[in-house]
Amino acid sequence: MAPRAAPSCRLVFCLLISAAALRPGLGWYTVNSAYGDTILMPCRLDVPQNLMFGKWKYEKPDGSPVFIAFRSSTKKSVQYDDVPEYKDRLSLSENYTLSISNARIGDEKRFVCMLVTEDNVFEAPTVVKVFKQPSKPEIVSKAPFLETEQLTKLGDCISKDSYPDGNITWYRNGKVLQPFEGAVVIIFKKQMDPVTQLYTMTSSLEYKSTKADIQMPFTCSVTYYGPSGQKTINSEQAVFDIYYPTEQVTIQVLPPKNAIKEGDNITLKCLGNGNPPPEEFLFYLPGQPEGIRSSNAYTLTDVRRNATGDYKCSLIDTKSMIASTAITVHYLDLSLSPSGEVTKQIGDALPVSCTISASRNATVVWMKDNIRLRSSPSFSSLHYQDAGNYVCETALEEVEGLKKRESLTLIVEGKPQIKMTKKTDPSGLSKTIICHVEGFPKPAIQWTITGSGSVINQTEESPYINGRYYSKIIISPEENVTLTCTAENQLERTVNSLNVSANENREKVNDQAKLIVGIVVGLLLAALVAGVVYWLYMKKSKTASKHVNKDLGNLEENKKLEENNHKTEA
């Protein structure tokens with residue numbers, strides 16, 4: 001659209017005419033600028049061929065003009081009017097575009113571009129809008145806590161330095177909070193700085209909380225208008241501690257109540273589910289109608305079985321709100337009869353009993369010399385092997401550390417008993433005599449030969465086991481003897497004897513020896529006779545040799561005879 005021209009007039013006259021009498025060349029045009037930026041306003045008029053100069057002005061609220069910039073089309077010079085608020089902030093380009101640096105709220109005016117020829121004045125108005133983004137909203141003056149069923153000021157949401165002013169909205173867990181009588185009260189205020197003309201918005205929230213608000217985030221946001229339209233900035237989340245009264249009381253026992261035994265210290269702990277939790281309670285012990293005022297913990301030391309019973313606690317001011325628990329103090333008693341060191345005689349009877357008394361079923365184990373027995377011991381007739389160290393042990397498996405044990409050291413005594421046996425060696429040359437001894441304490445064994453009274457020290461003894469052992473000797477008597485075995489301990493001295501006859505093969509052995517001697521003597525005599533015969537023969541042989549030549553036929557015979565003589569000699 002071509003600009004509409006004002007009526008013709010002479011130049012001087014046109015310069016004097018009032019701006020109010022001029023017709024606008026174009027319709028309204030708006031330039032949006034951010035606070036602090038540079039405002040760019042194009043003239044929006046086509047430059048005429050016969051242009052003399054161009055001017056910019058703004059209009060006061062009362063409509064009077066204030067000229068601020070001038071540019072000649074011929075001299076290409078620019079002049080800026082002495083307007084304090086725009087000093088050093090203006091720039092007018094060759095195409096008559098006006099720039100205003102460091103945009104301020106006061107720059108929101110109606111500016112007019114004027115192009116003047118000799119006979120016309122052309123105008124193009126521009127409206128400037130300046131926007132300032134507010135600061136990020138912040139929740140301040142926050143309540144230290146919110147109490148249920150009480151309308152409490154939660155805090156103030158504040159956002160500063162906005163233009164134009166913005167609006168503040170509150171949120172609970174992301175959902176908008178709307179005013180609700182007695183539960184949600186929102187008071188909004190805005191204030192403009194007279195120097196900067198920027199707005200500060202404040203929104204106060206009063207809120208009646210419930211337990212559902214525990215850990216719920218509260219936020220606020222500011223909505224404002226900028227050069228590009230409406231925008232929103234959100235605050236940081238705020239979570240408030242919610243106070244609510246105690247609705248239930250519970251009681252705890254430490255250590256766990258199924259493991260309490262005599263001698264333990266136990267602590268009763270009373271808890272209320274309110275926030276903040278109660279700090280004091282009344283504790284009721286079994287058989288005591290009056291409560292004991294204490295903190296949330298009450299300790300009993302070195303408890304006994306008579307402490308078993310019901311324990312209770314309640315609030316100080318609300319005794320009807322009470323909690324209780326049953327406590328069993330476990331115990332374990334063991335009685336062993338007899339116990340300690342017991343000495344009995346062999347063959348005696350000894351009843352043994354291990355009696356258990358406990359708060360619940362207990363296990364019983366018998367040990368003898370650290371070896372577990374299959375059943376409890378019972379002695380109708382004691383033997384030496386019954387002696388030993390017996391232990392009766394009992395425990396409550398469910399209660400750690402609750403064990404009892406008693407011991408019995410049984411000593412079985414007996415006078416020495418002797419049994420003697422003998423065994424002859426198959427050769428018949430020796431005999432083994434054994435003295436079997438039974439008794440406790442261990443008897444000492446001594447061997448003697450009756451008659452001579454000599455003591456035999458060369459003996460062999462077996463190990464002493466279960467009150468028994470033996471001593472043996474090996475002898476080869478040449479005559480009948482009586483051996484005596486003596487066994488002695490602290491209780492008695494016992495003697496037993498055994499007749500041992502001489503070896504039955506002794507005479508046979510002597511006869512055999514005599515026979516051998518006779519044979520040897522006979523052989524010696526035979527050898528002597530053979531020697532004499534040989535001598536006589538040799539003598540006769542020498543005489544006969546003289547007649548060899550006479551009788552050669554006898555030579556062979558002589559050789560045979562000589563051989564026979566040699567055999568005889570041998």
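Is strand β9 mostly covered or mostly exposed, and how many of its 11 residues are buried? I began with this element, bearing in mind that the model is a predicted one. I found that strand β9, residues 121-131, is mostly covered, with 10 of its 11 residues buried.

I then looked up the strands that pair with β9. On the parallel side I noted strand β1, residues 30-34, which pairs with β9 over five bridges, and within this pairing I found Asn32 opposite Lys129 of β9. Strand β8, residues 110-116, runs antiparallel to β9 and is joined to it by seven bridges; here I recorded Ala124 in β9 as the bridge partner of Cys113. Tracing the chain from β8 to β9, I passed through a hairpin of four residues.

Next I turned to the nonpolar cores. The largest holds 52 residues, and I listed Met41, Trp56, Ile68, Leu98 and Phe111 as those that touch the most other members. For Met41 I wrote down the contacts, leaving out residues up to four places away in sequence: Val31, Trp56, Tyr96, Thr97, Leu98, Ile100, Phe111, Thr126 and Val128. Apart from this core I found another, of 21 residues, including Ile251, Ile260, Phe281 and Leu300.

Last, I went to the surface, where Leu528, Val532 and Leu536 form a nonpolar patch whose accessible area together is about 290 Å². I placed Val532 in helix α2, which spans residues 506-544.

Methods
Residues numbered from 1 in each chain as written. Predicted model: local features only at pLDDT ≥ 70, side-chain atom pairs only at ≥ 80, totals over all residues. Heavy atoms only, no water. Core = buried A, V, L, I, M, F, W, Y, C linked by side-chain atoms within 4.5 Å. Buried < 20%, exposed > 50% of the residue type's maximum accessible area, 1.4 Å probe, protein only. Contact = heavy atoms within 4.5 Å. Patch = residues over 30% accessible without salt bridge, like charges linked within 9 Å, V, L, I, M, F, W, Y side chains within 5 Å. Areas by Shrake-Rupley, 256 points an atom, 1.4 Å probe, with all protein chains shown as cover. Salt bridge = Lys/Arg side-chain N within 4 Å of Asp/Glu carboxyl O. Helix = DSSP H or I, 4+ residues; strand = E, 2+ residues; numbered from the N terminus. Pairing = 2+ DSSP bridges.
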